[in-house]
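Open your viewer and get ready to click along.

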Amino acid sequence: MSSVASHIVIVDDEQDVRAVLTDALRQIGYTVTAVSNSEEMQATTAVDLAVIDLRLHNEDGLQVARQLRARSDIPIMMLTGKGDETDRIIGLEVAADDYMMKPFNLREFTARVNALLRRSQNTALQRLPLESDETVYQFDDWTLFLSRRQLQHADGHEPDLTYGEFSLLEAFISSPQRVLTREHLMARTHGYDSDSMDRTIDVLVVRLRRKIEANPRIPRLIKTERGIGYCFDSPVTKRIQRANNAS
């Protein structure tokens with residue numbers, strides 16, 4: 001049973017799918033609103049996570065996810081038919097934080113939802129006003145204020161990071177100049193293991209590189225270790241910033 005009654009919206013035009021997912025999530029304590037299109041989704045308020053089918057009737061699920069991401073940073077899980085690898089990658093690049101292919105195991109589905117919400121709630125806590133000392137990391141020309149979930153460049157630029165991108169960056173700076181496997185990074189960012197064919201981390205790396213690399217096509221910070229994973233190839237310094245000095 002979930003300790004927090006998070007509100008989840010399911011956007012799927014198949015009534016049977018909506019019913020099954022709604023039942024599975026309500027059994028573990030979540031509040032669920034199931035809708036068939038984006039108009040009904042937009043009328044749903046105070047949502048903590050969205051599950052969106054890629055192929056909605058008369059709608060593009062990717063566009064629905066884009067529109068949601070433009071106004072909200074809640075976790076988004078995309079659903080699609082088996083074998084749509086290209087759509088899966090595009091979905092993750094555009095807006096989604098996780099992806100599942102139908103048909104899928106309900107236990108895995110609820111585990112992934114739990115992990116997405118757990119990370120999202122931890123991030124929300126980090127955004128609360130500072131009342132204690134804060135951990136600050138510095139690398140290259142960047143400063144990361146951990147509690148504020150704020151990344152700042154030396155020129156003052158502050159890119160917005162999704163919770164998945166932030167979690168990935170946190171994993172990298174926690175183990176700088178070490179080769180990290182995709183499985184390790186998946187566990188750190190999503191809270192569960194993945195198989196070697198899962199491209200989720202690869203897509204997250206692409207998204208993060210676009211935001212922190214001077215030239216994402218020739219990355220200096222996040223290096224690919226072929227066949228293994230990635231290495232954050234930059235020294236990282238860590239310091240504690242006292243609360244009364246925080247900006």
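A residue is called buried when its relative accessible area is under 20%, and exposed when that area is over 50%. Keep that cut-off in mind for the stops ahead. One thing to know before we start: this is a predicted model.

**Stop 1: tyrosine 30**

Select tyrosine 30, which lies in the loop between H1 and strand E2 (31–35). Is tyrosine 30 buried or exposed? Its relative accessible area is 7%, so tyrosine 30 is buried. Tyrosine 30 and alanine 5 are 25 residues apart in sequence, yet their C-alpha atoms are 5.0 Å apart in space. Next, show the side chain of asparagine 114: a polar contact of 2.4 Å joins it to the side chain of tyrosine 30.

**Stop 2: aspartate 12**

Move to the loop between strand E1 (7–11) and helix H1 (15–27), where you will find aspartate 12. With 0% relative accessibility, aspartate 12 counts as buried. Which side chain makes a polar contact with the side chain of aspartate 12? Select lysine 102 to see the partner, at 2.9 Å. Setting aside neighbours within four places in sequence, aspartate 12 also touches other residues, among them Val17, Arg18, Val35, Ser36 and Asp53.

**Stop 3: the aromatic rings**

Now show the side chains of the phenylalanines. How many aromatic pairs does the structure hold? There are 3. Begin with phenylalanine 104 and phenylalanine 109: their ring centres are 5.4 Å apart and their planes meet at 25°, so this pair is stacked. Phenylalanine 104 and phenylalanine 109 are both buried.

Then select phenylalanine 139 and phenylalanine 232. This pair is edge-to-face, with 5.2 Å from centre to centre and 80° between the planes. Color strand E8 (residues 134–139) and strand E13 (residues 229–232) to see where the two come from: phenylalanine 139 belongs to E8 and phenylalanine 232 to E13, so the pair links parts of the chain 93 residues apart. Both phenylalanine 139 and phenylalanine 232 are buried.

The charged end of arginine 148 sits over the ring of phenylalanine 145, 4.2 Å from the ring's centre.

**Stop 4: two helices**

Phe172 is one of the buried residues of H6, so let us color that helix. Helix H6 (residues 163–174) has 12 residues, which at 1.5 Å a residue should span 16 Å; the end C-alpha atoms are 16 Å apart, which agrees. H6 is mostly covered, with 11 of its 12 residues buried.

Finish with helix H8 (residues 200–212). Its 13 residues should span 18 Å at 1.5 Å a residue, and its end C-alpha atoms are 19 Å apart, which agrees. Because 10 of the 13 residues of H8 are buried, the helix is largely enclosed by the rest of the structure. Among the buried ones are Ile201, Val203, Leu204 and Leu208.

**Last stop: the whole chain**

Zoom out. The chain has 8 helices and 14 strands, and 49% of its 247 residues count as buried.

Definitions and conventions: Residues are numbered from 1 along each chain as its sequence is written. This is a predicted model: local features need pLDDT of at least 70, side-chain atom pairs count only at pLDDT 80 or more; totals for chains, interfaces and linings use all residues. Side-chain values use heavy atoms; hydrogens and water are left out. Helices (H or I, at least four residues) and strands (E, at least two) are DSSP runs, numbered from the N terminus. Buried means under 20% relative accessible area, exposed over 50%, partly exposed in between (1.4 Å probe, protein chains only). A polar contact is a pair of N or O atoms within 3.5 Å; within protein, one must be able to donate a hydrogen and the other to accept it, and residues adjacent in sequence count only if both atoms are side-chain atoms. Contact means heavy atoms within 4.5 Å. Rings of Phe, Tyr and Trp (its six-membered ring) pair if their centres lie within 6.5 Å; planes under 30 degrees apart count as stacked, over 60 as edge-to-face and the rest as tilted. A charge sits over a ring if NZ of Lys or CZ of Arg is within 6 Å of the ring centre and within 35 degrees of the ring normal. The expected span of a helix is 1.5 Å times one less than its number of residues.
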